[in-house]
Amino acid sequence: MTDERDDDRHEFSAGQGVDAGYEEFTLDPEEIDADPNTVDPVDSRVLTDIMDKRNVESDAVDVERLVDVGLSYMGINRFEEATETFERAASFAEEDSLDAQEAWVNKGAAHAELEEYDQAIGAYQEALRIDGDSEHAATAETNLAYALWESGQGEQALEHAERAVETDPRFAEAWYNRGFLLVERGLAEDAVSCFDNAIRLGYRSAGVLEEKARALEEAGEHEQAEEVADRADEIRREAEEQMVEEQTGQAPGPGGARQGGRPGAGGQPGAGGRGGRGGQGGGREEPERELQGEGPEGF
């Protein structure tokens with residue numbers, strides 16, 4: 001007896017189909033240009049080997065776009081991926097070129113965000129080996145000072161902070177770092193001059209003023225220190241009120257909601273870290289101190 005289901009079976013079209021060479025619907029991967037006499041086609045490492053620098057023409061890699069990818073990773077706090085991307089950019093850049101130096105500086109900044117200061121130091125040193133006078137050198141110097149400070153190497157940190165301002169006298173964050181480290185060495189009057197330079201060059205965060213107030217206090221300029229500290233409190237309060245207003249859509253109530261915290265990075269996106277605490281008189285709440293690390297190049 002004939003199965004009833006056979007009677008209801010749908011009759012599909014029996015067209016002529018397409019030519020064997022028709023590619024629009026193929027699911028096969030693109031062919032990789034590899035010599036089958038030298039590469040085992042079932043070897044799982046084939047793709048990695050083919051993408052290795054030795055098998056890829058450097059002209060086929062856009063180093064600037066790789067750096068942009070790394071910066072994008074930095075922007076979403078995916079720092080491990082950023083370090084790998086910047087290292088790849090450095091490897092494909094022309095040897096000892098400015099592109100390579102920029103990639104090394106950025107790699108150091110990404111490591112610093114991960115608090116991998118030994119790796120950050122190595123990356124900055126490699127950048128400076130390439131060129132100690134280029135447009136990236138001052139950033140590398142001040143970032144190296146920051147990483148050395150975080151690693152407990154304060155004396156070497158001061159040396160590189162001084163080189164940073166020598167390399168680029170208009171680098172505000174470098175002047176701030178030099179002032180911060182001079183205070184640590186007890187050279188308060190010289191530190192005040194450094195903070196004044198940083199402020200004059202546009203670095204006017206509450207953190208800079210707090211450090212200047214501390215230096216003035218240690219230099220015996222108590223009245224001026226109090227005035228500067230009051231201005232720092234005012235800037236911090238204004239910033240917090242603005243933040244509350246942006247988040248809630250309304251201004252805070254009378255007096256605001258002042259919260260303690262570490263100084264900001266003065267608009268720079270980079271590896272702001274934590275320093276030690278120093279004494280400051282007058283019963284004022286002591287903010288957490290930090291040395292500044294400049295953000296990634298081009299960020």
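Q: How many helices and strands does the protein have?
A: Helices (H or I, at least four residues) and strands (E, at least two) are DSSP runs, numbered from the N terminus. Here the protein has twelve helices and zero strands. From the N terminus on, the order of elements reads α-α-α-α-α-α-α-α-α-α-α-α.

Q: What kind of model is this, and how are residues numbered?
A: This is a predicted model, in which local features need pLDDT of at least 70 and side-chain atom pairs count only at pLDDT 80 or more, while totals for chains, interfaces and linings use all residues. Residues are numbered from 1 along each chain as its sequence is written, and side-chain values use heavy atoms, with hydrogens and water left out.

Q: At roughly what angle do α4 and α5 cross?
A: Axes are lines fitted to C-alpha atoms, for helices over the stretch in contact, and angles run from 0 to 180 degrees between N-to-C directions. The axes of α4 (residues 79-92) and α5 (residues 98-113) come within 8 Å and cross at roughly 160°. That makes α4 roughly antiparallel to α5, since angles over 145 degrees count as roughly antiparallel, under 35 as roughly parallel, 65 to 115 as roughly perpendicular and the rest as oblique.

Q: Is the crossing of α4 and α5 left-handed or right-handed?
A: A crossing is left-handed if the near helix is turned anticlockwise from the far one by less than a right angle, and right-handed if clockwise. The crossing of α4 and α5 is left-handed.

Q: Which residues of α4 and α5 meet?
A: Contact means heavy atoms within 4.5 Å. From α4, F79, A82, T83, F86, E87, A89 and A90 meet A100, A103, W104, N106, K107, A110, H111 and E113 of α5. These residues divide into nine nonpolar, three polar and three charged. Ala, Val, Leu, Ile, Met, Phe, Trp, Tyr, Cys and Pro count as nonpolar, Asp, Glu, Lys and Arg as charged, and the others, Gly among them, as polar.

Q: How do α9 and α11 cross?
A: The axes of α9 (residues 172-184) and α11 (residues 206-218) come within 10 Å and cross at roughly 30°. This crossing is left-handed. Y176, F180, V183 and E184 of α9 make the contact with G207, V208, E211, R214, A215 and E218 of α11. The contact residues comprise five nonpolar, one polar and four charged.

Q: What percentage of the residues count as buried?
A: Buried means under 20% relative accessible area, exposed over 50%, partly exposed in between (1.4 Å probe, protein chains only). Of the 299 residues of the protein, 40% count as buried. A239, found in α12 (residues 222-248), is partly exposed, with a relative accessible area of 43%.

Q: Where does D96 lie, and what is its phi?
A: D96 lies in the loop between α4 and α5. D96 is not a glycine, yet its phi is positive, about 60°. The relative accessible area of D96 is 39%, so D96 is partly exposed.
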